[in-house]
Amino acid sequence: MLDVAYLIPALPLAGFVVLVCLGRRAGDPGAGWVATSAIGLAFLSSFIAYVQLLGKDGEARAVVKPIFTWIRAGGFEVEAGLLVDQLSLTMALFVTGVGTLIHLYSIGYMKGDERFPRFFVYLNLFAFSMLVLVLGDSFLLTFLGWEGVGACSYLLVSFWFERNSAASAGKKAFVVNRVGDFGFMLAMFLVFATFGTLDYQGVLSRVDVLTATTATAIALLLFVGACGKSAQLPLFVWLPDAMEGPTPVSALIHAATMVTAGVYLMARVSPILALSEEALTVIAVVGALTAFFAATVACAQNDIKRVLAYSTVSQLGYMFLAVGSGAYVAAVFHMVTHAFFKALLFLGAGSVIHGLHDQQDMKHMGALRRLMPVTAVTFIIGWLAIAGVPPFAGFWSKDDILLAAYDKSPLLWGVGVVTALLTAYYMSRQVFLVFYGGERWRKAPTAGAHAGGGGAAHDAKHADDAGTGGHGAHGDAPHEGPWVMTLPLVVLASLAALGGLLNLPFGESARLEHWLEPVFGEALRHVEASSAHKQALAAAAGGAALVGIAIAYGIFIRGRRTTAFEPPVLQRAWGIDALYSALIEKPGHALSTFAARVVDARVIDGAVNGVASLVRAGGGQLRKVQTGYVRNYALGVAFGATVLLGLVVMRAGA
Amino acid sequence: MGVGSDFPILSTIVAVPVLAAVVVALLPRSRPDLIRNVGLAASLAVGVLTVVLAIDFEAGVPGYQFVSEHRWIEDFGISWILGVDGISLFLVVLSGVLFPIALYGPKVHKDLKSYVAWMLVLEAGCIGSFLSLDLFLFFLFFEITLVPMYFIIGGWGYENRVYASVKFFLYTLFGSAFMLVGMLALVYLSAKGRAPVTFDIRELADRGAVAGNTARWIFLAFVAAFAVKVPLFPVHTWLPDAHTEAPTAGSVILAGVLLKLGTYGIVRFGLTLFPQAAVDLAPLLLTLAVIGIIYGALVATVQKDLKRLVAYSSVAHLGFIVLGTFAFTNQGLSGSVLQMVNHGLSTGALFLLVGMIYERRHTRQIAELNGLQKSMPLLAAVFTVVMLSSIGLPGLNGFVGEFLILIGTFVTHRWWAVVATVGVILAALYLLWAYQRVFHGTPTGDNVGLPDMTRREKTVMAPLVVLIVFLGVYPKPVLDRIDPSVDRLIDHVESRTDYRQPPVAADLGRNVRAAERGIAAQRAAREAEGHQDAGEDHGGAGEGGGEGEHGRVDE
Amino acid sequence: MIPAVLAQVGGTRAAPLQLPEVEYSAMAPALILIGGALILLVWVSVVRRRPPWLWAAFSLVTGAAAMGASLWLWFDVRDDGPRRAVADALVVDGFSVFFFVLVSATVILAALLGEGYLRREGFGGPEFYVLMLLSASGAMFMAAANDLIVVFLGLEILSIALYVLAGFHGRRLESREAAMKYFVLGAFSSALFLYGVALVYGATGSTNLVSIAQYLAGNVALENGVLLAGMALLLVGLGFKVAVVPFHTWTPDVYQGAPSPVTGFMASASKVAGFAALLRVFFSTFSTLRLDWQPVVWGLAVVTLLVGSVLAVVQTDIKRMLAYSSINHAGYVLIGLQAGTANGISGALFYLLAYTFMVLGSFAVITVVGRRGDAHHSLDTYRGLAARRPTLAFAFTVFLLAQAGVPFTTGFLAKFYVVSAAVEEGSYALALIGMLAAVVAAFFYLRVTVLMYMTPASAEEVTEGAPPAQPRLRLPATTGVAVAVAVAFTLAFGLLPSPMIRFARQATLLM
Amino acid sequence: MTLDGGWYLTLAAVLFTIGAVGLLVRRNVLVMFMCVELMLNAVNLTFVTFARMLDDIGGQALVFFVLVVAAAEVVVGLGIIVSIFRRRGGTTADDLHLLKG
């Protein structure tokens, strides 16, 4: 039974291996098709597994498929195996599904890049790692995937390594994630010290042995890991910079899949979280603050991808708000819908950038809806979904979260609603700036010269590489991409529009909740509220979205303005990067320099060389005694004899 | 491919390189090809023998295997005793693998004959140290490695090679001075009464004649020698100089094998001979190890010379190994032993790669390099893999050891483990930053248009990359051989001291697994077909583990 | 011998004169050497114009004969026990015979060395060999002495010949200066030694070592001060001979100034003989006073180890450097003595055995590298030697590393042996100081290898005085044999030391 | 009047010391050499005195050995001194300090 589950991670791995072996021979677009079919088949396998799982009882839907013993030392043993249950399969389905679409899209987007095959090598490796992350049956296997996706993220963000900004961004992503991993690792140590195993089943079935303190510690340490991977305060700083990577990467890794790993992890350990109200509160508060914070920053960004990046941070904040409120299903639901619409938005943005020859500054866009109709329509669907306009997917998932948040604390709910308003505003701003208004791209400076926000801009070189050919430098009319790029847009747009169907809050149609419930069990909190109450809250959320859109409409369409409320402090993301630089980077560098130049070179090695010099100097002094005069030598002998005689006489006298 | 039980494989492994060195020394200088081939053939032969050894090694046996014992200097109670157990096995294999690579890989620009001869002597010395079960014999091998390495650094190194080689020699000799005195003190104190003088560590460990303060002092004397070799903070400053100035092969062997003599020595002699003292002084060594981890990483961050950076990264990595050793848990110790091998592979590979860059650019200064990935994508890719292994990325070898060390330390010395984990962050920082500066960006000046890896370079790197991946994905065959010996060592420590390994590290974990297996078995009843092969696997593992564990509990 | 005779005469006034039986066979090795020397002297006066190699060949034969006689004695003593000769003035026990063997080996090697040297420097006569053989016989008498006055006689036979040998290369001012310094200081120390003999005689009533020991064992010495002062002066005199700090001051100058083969011979034979007497007198005769001399020897060992190694570090002349290194070696032998156990003594013996070959080998190389005029001993001369004469450089490296105490050489085992004896007796601090001094010492040995292997020869041309291009070094066959023998000994017994260890051990036990 | 043996010993010790000090302070090699002779003779006096005190003829016989050795030393020593200072005006030991350090 369910042996097909093995294929889910195996296929992308096989794709990776094949592409590595083929190297450059795989070619363009051959490598892309290999990779795409690998992950496409993985999606198919996931779907088959899903069907097979449906054939079982709710309780029996958690199946461990062992693979081999990975590590064993003394009492520590890690069996590598796949944990196929409702949660992991849900993740696998949307990871492979969205992944397939983005792979497909990449074939068009990356066309002509000199490292085209390598890109798909990385993508397949990423897909494999992500699937290991979600399907792993123990903390350590999840960690394997967790670090694997981090490494792939590093490789893909710095894919265009010729640009220093891309290289730095990749490094930053990895290092900041490592800070989070620090928490994850400590959590694993604590889990092992407590349970003697790292298996999910071994741990989660015995959480009752945990004391409250240990539970809080484990939960918070894991949350630190999640903060790193899912770009929550205070570790969010890498995600905006990660937009230096090719846009499909942003869509796949930094919107749809990898960044949601933190949420997945929290959902996975829900039985532990359930033991610690403090941890839940911390998670909820951090989530809410991140959501609000990132939304404010998103309002002031000019780079089309950075807006989406901060939006992603903000939406992830929502998911953590849900987790903190005990609404795991809502978190997963939002994760899925967010994967649909945010991937869509990124791919749309990529399409725009592609069409404008790597122009990313929204101030130099406008009126593109006529020239890029497919992109425009799908992007608008994405916009409506993320803004929370009924009946698009985002509305339903966000509504679930806000409901749970209200149950946790009205204050959190308030923050959530304000964030929803901001979300609607900044997304509307983006849509209006890009697709409406005047054709500002006609008089735009050379692409990349005007770096928006953090300075994300492709260099001119890539403009040549990634150009679809047939047209020269800028000045050409923006154009739609090939079908491999538009098809994913259309599919994702339909999902973004209809994704809400997964978990409609009406009666028996809450399929996702029903499906996932056995995973969370008692950890899952059900909101006990009247339906009138629920409807009022939903109306408030929907209203906030509409207000946000209306404000943006007033400013950018009615007011025909291209700038609104964009204070520098928000453009610089509240100066957090600068703060880290001042508080950590510079003192750290100073400390390291001190350690290397003073402690190591002067103190320690100085002592070592000092001993050598001392011996030398001692020898230099001593040799002066050796004057060359024979009577001095005789004096030496006589002196020695006298001392010896003195000693023995003293001894004899004593 | 088994060998006869009476074939003295260990003595052969030690003797072959020595004989080959003599042969090379007798060959005419005018036949460089012949010299190279003889050297390579000998080291490959040793490599094959070590692999045969690993295959013939019985995984479940904790004690020494293939023991060959001959009387040597009877008047001193010294014998030629070679033996291998799980702790030394893979270090021997590592040496067997790294030496042919180091001999074949980097080009030698002058006096090939002496170079090959010294390398072969070095190989014999290193392997001999790992195999010796006689304290005196170990010391001989331990010391003799200095000579070839000294000549290799001094003869084929870079600008500052003389300073570096002399520093290396004297520093190590300084540590050994303490060890020699400590060793003699131990031997003679153990021979009080009617017991004959012996240097056989098995016998010495059994007698356990020294205790209390005496044991602590002697232990410290041993540690002084090993700490220099490891090198442990603050006696590490010879390492950056030696590494930087050594020729590529020298750095590879130095990092890959020679440093392990220190960590191996601590495990084999420190823990075996002075269990109580080791337990007593563990906090000191743990602290030094942790300082080394953080300090090495910090200092590595600001290095301007690529080789020096890798050298300081070794200080940090070796800190982990010492940390795991003094955790006194099965995981920590197994992790340490495994990490010795891992570090040898990944740092050896890093030095080879840096050497390849140097061959092309004639500089190691990070500031003078940029954008190398542009013209050398393959080299960059290999570098990335090795770097990620060094960072400790799961799925590559570095992680398994590091993780075992940390988790093993955590259960006994929580806060040390926590601080050491910070080192994991820093490792990423300095290596990625260096990678960015060297490989990323747009190449300028001399960095444009460099040739990518040659066939020879690929041949050299291929086995290392394969091992890096293999040990990351499937370390079990290695751990299965390490584990029983580590178990025995911890047993030994526990039987001589009040120290008890936390149950979670010893067997609680396995009990949990067993319980789970029970559940799994019930499920398997329902899903008979899918579970069959996995069940077999579990059963085998349970037996192997059970024997080793429960012997101790009864004591 | 005669004092004993006279004592007998004094004791039994009326009895007929009883001459003690002189057992020639017991003293065969020394007598062979003396005989050889005399034959050479006669030969050269009677027959003129003989090819110079003949003198060397004859000395070699003499040395070999002495060696053969020594070995015969060894088995004889081992089977039948020690023999006293000449009315107890000499004792031929394992200990003595060990030194006979060692000194014979020294003679053989030095003769091999001398041949090439004399030929190169243009000395045709047999004087070198005559003096060397006589000197060596003195060394043997010192080793076999059972009477303090015989020690003195042996010492003087050894030294007087060496004074002349040191100034042998008359054309070199350094050589003459060395002779003068050695002579003045040697005479001074002899006087001190002799005064010590007198005081011991006064305190114990005898100069016979066995009698002294018996007296000390039987009586609590009344005039302890006189006895101890005598003992101290004996230590000074012998310490001078073996170059113990602070009685070492002559060593660097004489080693540097004397002709290189003479230095080699002096460094081995003279030190070996001095230690033979020192070990016997202190270990066996003054064993009851161990608590008195042990701390003194401890202190001397420490300063000897440290001063020797530290001063060698700053030298620029290879012979001078090795002179300090030999001082350092004396410190290790003292470690063995300080232990005051049989193990310590056999350790010291083994050390001397290993040392003899290392140091003679080293000076063989130095003789060759010194080139015509015996003047090229600056360390700079060794630049790039490995490239020019790889085998010679390798041999020198073996000697240097062996002296540094690198494993698989006799040098390591020697250090190991004495240090283990010290540790066995609980002298941890001394053992540690010894090993740390070895670290310092390793530095200057390494310096030479650095010059030979890691420094290009071209840099040398900058220094003034040296000829622009290094002429090819001529390695005479005889010197080559000496070097080969020394290397073989150092490495072979470094690997399989048991025979030599047993030799040293039995020599001690048969004392 | 009979003198206690101790006086002879003291005299010998004083002579010995004078010889030693002379060796240390004089620069003329010949004088230095004579000082050594003085020391040796002080030793001889000591031997004889002890022999008398111990009533042991052996001590007196030892003196002959010392005298013989001293004579041999003189021969060799003078030879060396002559060979060195043949071409020089004086016989100052301090002139020779080529070797030092």
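This is a predicted model: local features need pLDDT of at least 70, side-chain atom pairs count only at pLDDT 80 or more; totals for chains, interfaces and linings use all residues.
Chain A is built from 25 helices and two strands, and its C-alpha atoms, taken along the principal axes, fill a box of roughly 110 × 65 × 55 Å. Of the 654 residues in chain A, 62% are buried. When contacts in chain A between residues at least 6 apart in sequence are considered, 82% of them join residues at least 24 apart.

Where chain A meets chain B, the contact takes 49 residues from chain A and 61 residues from chain B. On the side of chain B that touches chain A, the elements giving two or more residues include α12 (275-301), α14 (330-361), α15 (372-375) and α17 (397-412) of chain B, and also among them are α18 (414-439), α20 (476-496), α21 (503-526) and α22 (532-554) of chain B. The element that gives the most to this side of chain B is α18(B), with eleven residues. Sorted by class, the side of chain B that touches chain A holds 33 nonpolar residues, together with 18 polar and ten charged ones.

Turning to confidence, chain C has an average pLDDT of 88, and 93% of its residues score at least 70. Within chain C, however, residues 459-468 form a stretch over which pLDDT stays under 50, and for this stretch the model has seven contacts beyond four places in sequence.

How values were computed: Residues are numbered from 1 along each chain as its sequence is written. Chains are lettered from A and ligands numbered from 1 in the order in which they are written. Helices (H or I, at least four residues) and strands (E, at least two) are DSSP runs, numbered from the N terminus. A residue is buried if 20 or more other C-beta atoms lie within 10 Å of its own, exposed if 12 or fewer, and partly exposed in between; C-beta atoms are placed from the backbone. Two residues are in contact if their C-beta atoms, placed from the backbone, lie within 7 Å. Ala, Val, Leu, Ile, Met, Phe, Trp, Tyr, Cys and Pro count as nonpolar, Asp, Glu, Lys and Arg as charged, and the others, Gly among them, as polar. pLDDT is the predictor's confidence in each residue, from 0 to 100.
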